[in-house]
Amino acid sequence: MIASTTIDSQFIADKARELQIELWDRQCTLWQGENVTPIDVCDPWKAAQHLEYEVQEGWVDSPGMRAGVQLGGFLNRPMKLIGLSDQLAQRTMRFTLAHEVGHILLHPGLHHHREIPLHGMTEPHEPVNPKERQANHFAGCFLVPTKQLKRAFLASFGVEKLTLTDNVAFELLGGSFMSLMNTPYDSLAFDRVVAQAVRFSGRQFGALNDLFQVSPTTLAIRLRQVGLTRR
Ligand SMILES: [Zn+2]
């Protein structure tokens, strides 16, 4: 028998969901006097506050880093501190912070950790280190929860899922729809178009990746994982 050293992706999704339920239950404290929606709960700043971590935003110093390498943030578990570079775009800060929250919950042995700026699930690239992949998956599940994604998808597109066909591609892209049909089978091109779509079949709506405040690629990967887009 081969001992498994990897954390299963469902376990990670469950951890993200458990954290969201805790935040929802504590909404009176975390969002004093505010009206909270289920999407408001996808807030990594509130998650850090709930876990009693301080988030310091500012210039993140990186001694020992090669010159010119920008740091996105760091985790200091003994101090219960997360550093976050304020030089980053808002969505990069959001994803990087959700990734750190993932480390806090998934990797108790990780005491000091430095992070490059993380724009999304495979951005700037798919990490080699399993812990980094796990923290990215956590961030994706936390920022784009399955239930809320399914609900928003149905409300926007008026269907439960989309399979790439000529008609669907035409609805999304009009005359240039063949460009989508010619993309490789395993590419995320279709999913990315769906993630950023603002109209479909005469309906108009806000792009899903803007609703969840993530990159088009992160939303595309979540659409694929949840089974909302297929080809
Ligand atoms: Zn990390």
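A quick word on domains before you click: their bounds come from an automatic or database domain assignment. What you have on screen is a predicted model, where local features need pLDDT of at least 70 and side-chain atom pairs count only at pLDDT 80 or more, while totals for chains, interfaces and linings use all residues. To find your way, note that residues are numbered from 1 along each chain as its sequence is written.

**Stop 1: the two domains.** Select 9–143 for domain 1, then 146–230 for domain 2. Their C-alpha centres lie 26 Å apart. Now look at where they meet: 13 residues of domain 1 are in contact with 10 residues of domain 2 (in contact means that the C-beta atoms, placed from the backbone, lie within 7 Å). On the domain 1 side, helix H4 (90–106) and helix H5 (130–143) are the elements giving two or more residues. Helices here are DSSP runs of H or I with at least four residues, strands are E runs of at least two, and both are numbered from the N terminus. H4 gives the largest share of that side, 3 residues.

**Stop 2: H1 and H5.** Show side chains for the contact: among them are Ile 12, Ala 16 and Leu 19 of H1, and Phe 138 and Phe 142 of H5.

**Stop 3: Tyr 53.** Which loop holds Tyr 53? Look between helix H3 (44–50) and strand E1 (54–58). Tyr 53 is buried, because 20 other C-beta atoms lie within 10 Å (20 or more is buried, 12 or fewer exposed, in between partly exposed, with C-beta atoms placed from the backbone). Leaving out residues up to four places away in sequence, Tyr 53 touches Ala 48, Lys 80, Leu 81, Ile 82 and Ile 104.

**Stop 4: H9.** Finish by selecting 189–196, helix H9: 6 of its 8 residues are buried, so H9 is largely enclosed by the rest of the structure. Phe 190 and Val 193 are among the buried ones. The partners that the buried residues of H9 pack against include helix H7 (166–173) and helix H11 (216–226).

Methods
Two residues are in contact if their C-beta atoms, placed from the backbone, lie within 7 Å.
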